[in-house]
Every structure is written in structure tokens, then in C-alpha cells.
Amino acid sequence: MYSEHYGFSARPFQLTPDPRFYFESATHKKAMAYLGYGLAQSEGFIVVTGEVGAGKTTLTGHLLETLDPARVLAVKIVSTNVESDDVLRLVANAFGIVSEGATKAQLLDRIEHFLNSRAREGRKVLLIVDEAQNLPTASLEELRMLSNFQSGNRALLQIFLLGQPEFRDHLASPTLEQLRQRVIATHHLLPMTVDEVGPYIEHRLKLVGWNGRPQFTADAYHALHHASGGIPRRINGLTERVLLFGAIENMSVFHADVVGAVVADHAQDEAPVVAVTTAPKAAPSAAAPHPATLDLAARTTMLEAQIEEQGVALRRVLTLLLDWVEREGGAAHAAHALRAPLA
């Protein structure tokens, strides 16, 4: 809806990670430098961590787009809480290796053969493991064993581990000492600074044909940073709500008060639902103000009250109808049909 209103070619703030929208903030630039260093070393592990929505997936998606497939074979797996044998199967499947019915020894042999074949072609092999915090110690140790495969003095496999902040604590445990010794670089993605929010939003807008409408004021960018904590995915979600609100209200300029209203509305949407135990409210009088004359919060309150009153009336009618059907008997199928929408 808002994309059409503002003439965008696509949604600029969708929550699904898209490497096309990669924005090089200071922290992402540093992470890319570490990833590039890891590829140049062609051995060991590179670890990148960050909060949910910090941009880890977009970062690696951008990296994959910059690689020459003739020189680097890169695959990615998203881990779940899988045991060691299962993580080997995930890796084998990602490489296109048949794993069904294979024993662990056969899987390792097939993976090593595959890696040696790519080395003879002159290609590096990169394995990216996302959501690494979900992997148990035994599975991480299995990945470490894969990093032992060599051809001469050259490692056959490079591994990037991406995870949420708790993965750093897991990696620090004594049981992972040997894997830690194989880590050649680590980086934790930080939130964007307040000065990066404006360029970030405008970068994404320009990629979908933004022509300067709508405009965000400096205080709007500050408000978005404050409300999101500088986390890209949160910024995306809030900015998309602001744009939707702007399209509904036909707005071309967004100030901090608009962001504040949207943030308040979003907080109300996420508030827990409290059961209504009081008597239904009286119907609004003829002198009640029209919703269009109220501000966002007041309009929301009025609409919620109207919906609540309609719900109470509907439940009363259905209850009376159910009582009548059950008293009449011989119409059990009708009673069942009426109860189903109320379940």
C-alpha cells in the first residue's frame, strides 16, 4: 500500500534479509574486513556474533554475492539443535553429497574426497554456519574435525560461524578449547549509531526509486534510533509502520512526533490482552466526536471500544440461539455448527 502511495518499486524495509540492501555501517565494514581476512588465510574459523536482527544474514549474503564462484565454492547451512552425525549430513547435503544410508565414516570419506576434488580444480571451499548458538558441543567439535582436512600444507575447508551473543559464552567454555585455538578472528556486530540511521534509511529508500518524498527530519531519525536501539531489523519494522501510517494520512514529512505516535501504537499492539469482566459500555451518544477529528491514540481507543461492544452483542445473540436449539432437541447438528465459531 505505502509503496504505491510513494511511488516505490518495492518495499524498502521488508524484514526478510536481502543482500541488495546491504548497508556498510562501521561495524559491518569491520566484519567484512574480518571475513575477507579469513578467506585470504584459507584456514581456521571466523566467528561473527550479533543480536537478533543485527544484520548477520544480510552481511553474509552480501559476501556471497562478491565472491567469484570459479574461485570459491561457498555454501551455507542454518543450524538447528542437531547432533554430530546430523551436522555432518547437513554439511554433506549442502555440498551435494549423497548422505542417505551412509555411516559416519562414509560421510567423512565422501566429504574429504569432495574437498580434495575442489582443491584440484583450484577452488577454495567456504562453509557458513548460521545460528551456531544452537549447535551442541559435540556438533561444533565435528566441524572442528572437518577443518583438519588438508592437502599438503593447505587446509581444504574454511568455516565461518555466525551466532547470537550467547554463542561467545558457549565458545569460551573449557570443552571447546581446541576449537577456540582454530579461531583466527572474531567480531561482534554492534548496533548502528544515531548518525548512521539517516544514511541507512535513505540508502534503502534510494534502492526502490525514492525521489525525496517522503522526507524524514533529523529528529525523526533520532526517534527511530532511540526506539530501535540501532538494531537494523527493528529500524526496518518501525520505519515500515511509519510509512504505512504516512500513506494512510497522506503525509510527506515525518517528524519525531509521528515516530512517537507509531511507536506508542506498536507498543499497544504488543500489550497483553486483558479479559473484560465489567459490564458492556454504553453506546456512544450522538454528540460523540467523529474518529477523523481525533489523534491516533484517541481514534484507536474509540475503535477498540466499538469492536468490544459489537463482540459482546454478537456473543449474546449466539448464546440465546444456542439455548433455543438445545431446548428444542433433535437439532444437535445445528448446535454443533453454532458452537464451532465460538471455540
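Which helix holds leucine 244? Leucine 244 sits in α11, residues 232-249. Helices here are DSSP runs of H or I with at least four residues, strands are E runs of at least two, and both are numbered from the N terminus. Before going further, note that this is a predicted model, in which local features need pLDDT of at least 70 and side-chain atom pairs count only at pLDDT 80 or more, while totals for chains, interfaces and linings use all residues. Residues are numbered from 1 along each chain as its sequence is written, and side-chain values use heavy atoms, with hydrogens and water left out.

Back to leucine 244: it counts as partly exposed because its relative accessibility is 36%. (Buried means under 20% relative accessible area, exposed over 50%, and partly exposed in between, with a 1.4 Å probe and protein chains only.) Together with Met1 and Ile248, Leu244 makes a nonpolar surface patch of about 320 Å². Such patches take residues with over 30% relative accessible area and no salt bridge, joining nonpolar side chains (Val, Leu, Ile, Met, Phe, Trp, Tyr) within 5 Å and like charges within 9 Å.

Now for the overall picture. The chain has 14 helices and nine strands, and 43% of its 343 residues count as buried. The accessible surface comes to about 18,400 Å², with 55% of that belonging to carbon and sulfur atoms; areas come from the Shrake-Rupley method with a 1.4 Å probe, and for residues only the protein chains shown count as cover.

Let's go inside. In soluble globular proteins, nonpolar side chains tend to be buried together. The largest nonpolar core here has 36 residues, and Phe95, Ile111, Leu115, Leu127, Leu143 and Leu161 have the most contacts inside it. (A core is a set of buried Ala, Val, Leu, Ile, Met, Phe, Trp, Tyr and Cys residues joined through side-chain atoms within 4.5 Å.) The elements that each supply at least two residues include β1 (45-50), α4 (84-94) and β6 (158-163). The largest share, five residues, comes from α5. Leaving aside neighbours within four places in sequence, isoleucine 111 is in contact (heavy atoms within 4.5 Å) with Leu88, Val91, Ala92, Ile97, Leu146 and Phe149. There is also a second, separate core of 29 residues, with Phe13, Phe21, Phe216 and Leu224 among them.

Leu224 brings us to α10, where Ala220, Tyr221, Ala223, Leu224 and Ser228 are buried. Seen down the helix axis, the buried residues fall within an arc of 160°, so they line one face of α10; the arc is that of the directions from the axis to the C-beta atoms. On the other side, Ala218 and His226 are exposed. Glycine 229, with a positive phi near 70°, follows α10.

Finally, the charges. The whole structure has eight salt bridges, each a side-chain nitrogen of Lys or Arg within 4 Å of a carboxyl oxygen of Asp or Glu. Aspartate 130 pairs with lysine 76, the closest N and O atoms being 3.6 Å apart. Aspartate 130 is buried, at 4% relative accessibility, whereas lysine 76 is partly exposed, at 31%.
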